[in-house]
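Colleague: I have just opened this one and have not looked at it before. Could you walk me through it?

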Amino acid sequence: MNTHMHITAWALGFILFAIAYVMYKQGKMKPGKITHMILRLDYLFILYTGGSLITPYFNGSPLMPEAIVKGLAGIWMIAIMEMLLVRLPKQKPLKGLWVQFVIAIIILLALGFFRLPMGLN
Ligand code: HEM
């Protein structure tokens, strides 16, 4: 599995998330909902590409614990995006989720690019 597929998957995810978020925020519920549904399909692409990248670490690799944390942080990130988009139209508080968003993204970038070896190859 090439990491470019994974990068494509999560970069597309962030773009779709941003579009859906702005649409909901502007009260454009229908385009928001459609973009949100496409994002939900992209979650599967993120999980599939991340899942293929993580399997080689389950061979006693010393980096296995970090790869597992990376994978869990990825699933956490998906949950955060989904909760933000579900709560925004209901006008529920989002601050705690945005704090989690920032923490998750730092963990993902740090482990994905600086700790785990594959990077942009
Ligand atoms: C929105 C969610 C996610 C984001 C933003 C994200 C971000 C990243 C980044 C920045 C990298 C490093 C660049 C690369 O090698 O592609 C990476 C690699 C990786 N990600 Fe994710 N990821 C996400 C979801 C997931 C999930 C759900 C899993 C596992 C189930 C996962 C597992 C991995 C693995 C194993 C690597 C390879 C690291 C390596 O061997 O170099 N990721 N991810």
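**Starting with helix α2**

Modeller: Let me begin with what covers the buried residues of α2, which includes α1 (3-25) and α3 (64-87). Buried means under 20% relative accessible area, with exposed over 50% and partly exposed in between (1.4 Å probe, protein chains only), while helices (H or I, at least four residues) and strands (E, at least two) are DSSP runs, numbered from the N terminus. This is a predicted model, in which local features need pLDDT of at least 70, side-chain atom pairs count only at pLDDT 80 or more, and totals for chains, interfaces and linings use all residues. Residues are numbered from 1 along each chain as its sequence is written, and side-chain values use heavy atoms, with hydrogens and water left out.

Colleague: Which residues of α2 are buried?

Modeller: The buried residues of α2 are G32, T35, H36, L39, D42, Y43, I46, T49, L53 and I54.

Colleague: How far apart are the end C-alpha atoms of α2?

Modeller: They are 36 Å apart, which agrees with the 38 Å that the 26 residues of this helix (residues 29-54) should span at 1.5 Å a residue; the expected span is 1.5 Å times one less than the number of residues.

Colleague: Going back to H36, is it buried or exposed?

Modeller: H36 is buried, because its relative accessible area is 1%.

Colleague: And what is H36 in contact with?

Modeller: Leaving aside neighbours within four places in sequence, H36 is in contact (heavy atoms within 4.5 Å) with A20, Y24, E82, L85 and V86. With E82, the side chain of H36 makes a polar contact, side chain to side chain, at 3.0 Å. A polar contact is a pair of N or O atoms within 3.5 Å; within protein, one must be able to donate a hydrogen and the other to accept it, and residues adjacent in sequence count only if both atoms are side-chain atoms.

Colleague: New topic, the ligand: how many residues surround it?

Modeller: The ligand is surrounded by 25 residues (each with a heavy atom within 4 Å of it), and the closest are H6, Y57, K70, G112 and M118. A polar side-chain atom of Y57 lies 2.4 Å from an oxygen atom of the ligand, whereas for K70 such an atom lies 2.7 Å from a ligand nitrogen atom.

Colleague: Which helix gives the most to that shell?

Modeller: That is α2, with 6 residues, although α1, α2, α3 and α4 (95-115) each supply at least two.

Colleague: How many helices and strands are there in the chain?

Modeller: The protein chain has 4 helices and 0 strands, and buried residues make up 34% of its 121 residues.
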